[in-house]
Amino acid sequence: MPSATSSNVSHMAQVSLDFIVVGGSIAGLATAYALREAGHNVLVIERTDGSSRSKGGLRSPPNMTKILSQWGLGPALAKISHKCTSFKMRNGGSGEYIGAIRMTDSFLLYLLADFLFMQHGHLHTLLYDVAKEAGARFLFNTEVTGADPIEGTVTLRGGDVVKADVIVAADGHDSIMRPLVTNEEESVDGLPGQRYLSLAFQVPTDALQEDEELASLTDPLVWYLWVGDGYIFHGNLVVVGGQDFTVNLVSKYYSPLNEGDDQWQHRALDEFQLDYSKFEPRILKLLKLAKNVAGRVYHTWPTVDSIVCENSRIVLVGEAGHPLVPGSRHSTALSIEDAQTMGRLFSHIQNKNQLPQFLNAYEEIRQPRVSATQEYEQRQFGMFSAPAGPPMIQRDAMMRAALAYEDWEHMDEDTFKMVWGNELALMGHDAGEQVDDWWTQWRSFFEGKERARQRDSIQIPVLQPASYD
Ligand SMILES: Cc1cc2nc3c(=O)[nH]c(=O)nc-3n(C[C@H](O)[C@H](O)[C@H](O)COP(=O)(O)OP(=O)(O)OC[C@H]3O[C@@H](n4cnc5c(N)ncnc54)[C@H](O)[C@@H]3O)c2cc1C
């Protein structure tokens with residue numbers, strides 16, 4: 001079993017709080033682990049039996065890899081992942097090559113961590129193992145049906161109620177906890193936003209090698225992307241735990257929603273009503289070789305204005321707090337950053353009375369980052385999925401010019417800003433450092449308050465007047 005070999009937090013909290021984490025996937029497990037490391041009691045409530053593992057691909061950009069390494073998981077990570085050093089982009093309709101982005105050694109050195117490929121299920125297992133080893137408790141097959149943000153309780157299907165100091169909502173994209181924090185009625189039907197179909201499948205590497213055109217997709221260091229009319233199609237090799245090429249297609253979805261479409265389901269490819277005329281021959285071949293096809297329809301939620309409820313009882317992490325376009329490059333990384341922020345922040349808490357201020361700090365640190373990333377990802381999807389015709393021609397020309405440089409060292413300043421400006425801010429982010437900066441600013445305030453509180457609470461014995469009779 002992997003174990004964390006070095007501690008992320010320099011000290012433990014002076015008070016152990018009770019946390020309930022609703023949802024035991026990547027965000028919930030990572031947060032449970034980080035909070036346990038900071039000295040808190042954690043109960044994870046997960047509605048499934050917790051055994052399912054997705055074979056889908058997952059990317060760990062440097063900002064995420066850095067945190068997992070800070071948690072001492074570097075050696076375990078090395079066993080389940082491998083490095084990606086370039087992105088190669090084609091037009092999804094014509095198959096024309098647009099260009100490549102190369103992450104040179106100097107670039108990765110600058111970011112202090114690698115861009116990694118892994119399987120979602122492998123990271124899930126790793127985080128579950130370390131959270132459990134750190135002492136998190138788990139309730140599986142248990143669905144949370146509601147919560148009381150004033151009492152700090154969650155209600156379970158069946159009627160039981162569980163109380164905690166803080167409820168961490170890690171219940172994913174369609175979170176039932178989110179409306180309790182944002183105070184907004186959420187209804188998919190009423191939302192004007194866009195629907196997306198997300199499809200994931202694997203193709204055995206052997207099958208790729210047998211085809212002359214597909215054999216060129218077997219470089220393990222490359223992430224292959226096709227940007228098409230209303231969709232992004234991308235894939236990479238997963239060399240650990242089998243030799244599969246793992247693929248994800250995210251496409252705008254206009255058909256009516258049938259029951260179950262908004263849940264991950266394994267289905268035959270034809271049931272997803274794809275418009276095959278939009279795909280170049282390589283994509284069509286990959287679709288023909290697809291195995292383990294799973295898909296679901298997502299609805300975009302607007303950017304969340306608040307990630308902590310006004311009673312300072314419920315806090316959103318992971319997709320619950322940042323429901324991004326499916327397949328976003330930064331979704332999982334943001335979830336790991338949330339966990340790092342929670343853990344490191346709550347390692348400094350000295351008294352339960354400080355809870356509202358610490359949750360406020362969480363929001364202050366995370367909200368701008370999360371909103372900016374969500375908006376950026378939406379803009380990027382809009383640009384990459386430009387409709388056929390003049391918008392697509394213009395997009396390809398712009399990207400071709402930008403990617404002609406291939407690596408960052410030879411770009412002129414304007415091109416550099418266009419290609420790397422936002423990406424550097426995203427991938428160079430250090431979530432732990434943000435907390436350290438906040439604590440440097442506020443430490444004396446909290447420690448002074450705590451000293452005064454302890455002083456005031458000391459019971460000075462009342463002296464009885466002496467009796468001289
Ligand atoms: C089954 C599954 C497979 C996935 N596969 C991939 C993949 O291959 N590649 C990829 O990049 N991303 C994948 N994702 C998405 C990925 O996990 C997220 O994009 C991101 O990593 C952050 O996830 P999260 O933990 O916030 O939310 P999610 O991963 O959506 O997890 C939410 C968790 O909360 C649980 N839950 C929801 N409601 C309740 C409730 N009321 N009570 C109790 N528990 C509840 C769910 O069962 C789930 O375990 C997958 C997600 C799921 C659920």
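A polar contact is a pair of N or O atoms within 3.5 Å; within protein, one must be able to donate a hydrogen and the other to accept it, and residues adjacent in sequence count only if both atoms are side-chain atoms. Keep that in mind for Ser-331, where a polar side-chain atom sits 3.0 Å from an oxygen atom of the ligand. You're looking at a predicted model, where local features need pLDDT of at least 70, side-chain atom pairs count only at pLDDT 80 or more, and totals for chains, interfaces and linings use all residues. Residues are numbered from 1 along each chain as its sequence is written, and side-chain values use heavy atoms, with hydrogens and water left out.

**Around the ligand**

- On its own the ligand has 920 Å² of accessible area (Shrake-Rupley method, 1.4 Å probe), and the protein covers 82% of that.

**Who makes up the shell**

- There are 25 residues around the ligand (a heavy atom within 4 Å), and among those that come nearest are Glu-46 and His-120.
- α9 (331-346) gives the largest share of the shell, three residues; helices here are DSSP runs (H or I, at least four residues), and strands are runs of E (at least two), numbered from the N terminus.

**A salt bridge**

- Lys-352 and Asp-165 pair up in a salt bridge at 3.0 Å, N to O (the cut-off is a side-chain nitrogen of Lys or Arg within 4 Å of a carboxyl oxygen of Asp or Glu).
- Lys-352 lies in the loop between α9 and α10 (355-384) and Asp-165 in the loop between β11 (161-163) and β12 (166-169), so the pair ties together parts 187 residues apart in sequence.

**Confidence**

- The pLDDT (the predictor's confidence in each residue, from 0 to 100) averages 89 over the chain, and 92% of the residues score at least 70.
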